[in-house]
Amino acid sequence: MKKYNKRTAKRIDKDQPAKKMSVLRFGKPEPVLTTGTDYHDIWYDSNADHYTLPIDRLALAQLINLNGQHGGIIHARKNMITSDYQHGGLNHDDLEAGVFDFLTFGDVAILKVRNGWGEVASLVPLPGLYMRMRKTGEFVVLQDGEPLVYSPDDIVFIKMYDPQQHIYGLPDYIGGIHSALLNSEAVIFRRRYYHNGAHTGGILYTRDPSMTDEMEEEIERNLADSKGIGNFSTILVNIPNGDPEGVKFIQMGDISAKDEFANIKNISAQDVLNAHRFPAGLAGIVPQNTAGLGDPEKARNTYRKDEVLPVQRRLMAAISNDPEIPAHLHLVFAAETTDKGAA
């Protein structure tokens, strides 16, 4: 039995079930990053028997590998500080590990290793990622099972100042964390935008009654297969005697024009450099103007005076001021003048 619909001027088979609206989502939403870098008030965890951290150290450690500017500057600062090391109670590998933790987490705990007579025989940094402090002043290193516990007499603790608490240190780049995250999130989003097929960035809308179920399934299958490599292929839809307005692509956003990717990258990278007080000429930044970035040797010498030497002196003073540490274990850096090339 046929029924004539005056409104659409088309015949509709009454016995044929009405087609339901179908929605196809092109890719599932995925979280890009969880920061974990928010500052929290510290408190004493009685169950764990140590003070909590102001900032999640695992997040700080992961951030190094997530942002090119931030990670590169941390490594550059570490290399600059350790490059002049001559000798002392730390071997070069341990010194690099200790300096790296100091820059990443804002503090480092150096263990005084004693011989059978109780004398300090060598020095070794504790892993900053797992180091915690107790009310008693003891230092603990978390591990599977019971933590390792060290007396405060066996530890030389060096930390950056944090006015909000005086238990742990606080890294000096905290002000640039959100810029580092924004920079890395922009890159990850752009990569996934091209890689997972979400580049369609819109809704494929169909309303042509001539479209059969088989044709709709074919379109869905081609769209689903367009993810990954080859995802920029073009799909031809041919509906005999179809409505010219029956298939439309509704654009939801044009990332190439509206996401300001280049500006996000440039501004956030500058923020990271500012947070570390690191010269752009030493960070591999490509100059955006004809004036360039100045003499890199002058920038290096200035940065060395203001940022490298103070850390070296602080490390040397912390070790040499401990009366238990003999002179041959004191850290010695090259007494190199920094005025060369400054003129």
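Analyst: Buried means under 20% relative accessible area, exposed over 50%, and partly exposed in between, with a 1.4 Å probe and protein chains only. Helices (H or I, at least four residues) and strands (E, at least two) are DSSP runs, numbered from the N terminus. This is a predicted model: local features need pLDDT of at least 70, side-chain atom pairs count only at pLDDT 80 or more, and totals for chains, interfaces and linings use all residues. Residues are numbered from 1 along each chain as its sequence is written, and side-chain values use heavy atoms, with hydrogens and water left out.

User: Which residues of helix α1 are buried?

Analyst: Helix α1 covers residues 57-66. The arc is that of the directions from the helix axis to the C-beta atoms. The residues are R57, A59, L60, L63 and I64.

User: What should the 16 residues of helix α7 span, and how far apart are its end C-alpha atoms?

Analyst: The expected span of a helix is 1.5 Å times one less than its number of residues. For α7, residues 261-276, that should be 22 Å. The end C-alpha atoms agree with this, at 23 Å apart.

User: Which residues of α7 are buried?

Analyst: They line one face of the helix, since seen down the axis of α7 they fall within an arc of 160°. After α7 comes R277, with a positive phi near 55°. The buried residues are S268, A269, V272, L273, A275 and H276.

User: Is H50 buried or exposed?

Analyst: H50 is in strand β4, residues 50-51. Leaving out residues up to four places away in sequence, H50 touches W43, Y44, D45, R132, M133, R134, V140 and L142. Contact means heavy atoms within 4.5 Å. At 9% relative accessibility, H50 counts as buried.

User: How far apart in space are I42 and I167, C-alpha to C-alpha?

Analyst: I42 lies in the loop between β2 (10-13) and β3 (44-45). At 21% relative accessibility, I42 counts as partly exposed. Beyond its neighbours within four places in sequence, its contacts are Y51, T52, L53, P54, Q165 and I167. I42 and I167 are 125 residues apart in sequence, and in space 8.6 Å.

User: What share of the residues in the protein is buried?

Analyst: The protein has eight helices and 14 strands. Of its contacts with a separation of 6 or more, 68% join residues 24 or more positions apart. Of the 343 residues, the buried share is 35%.
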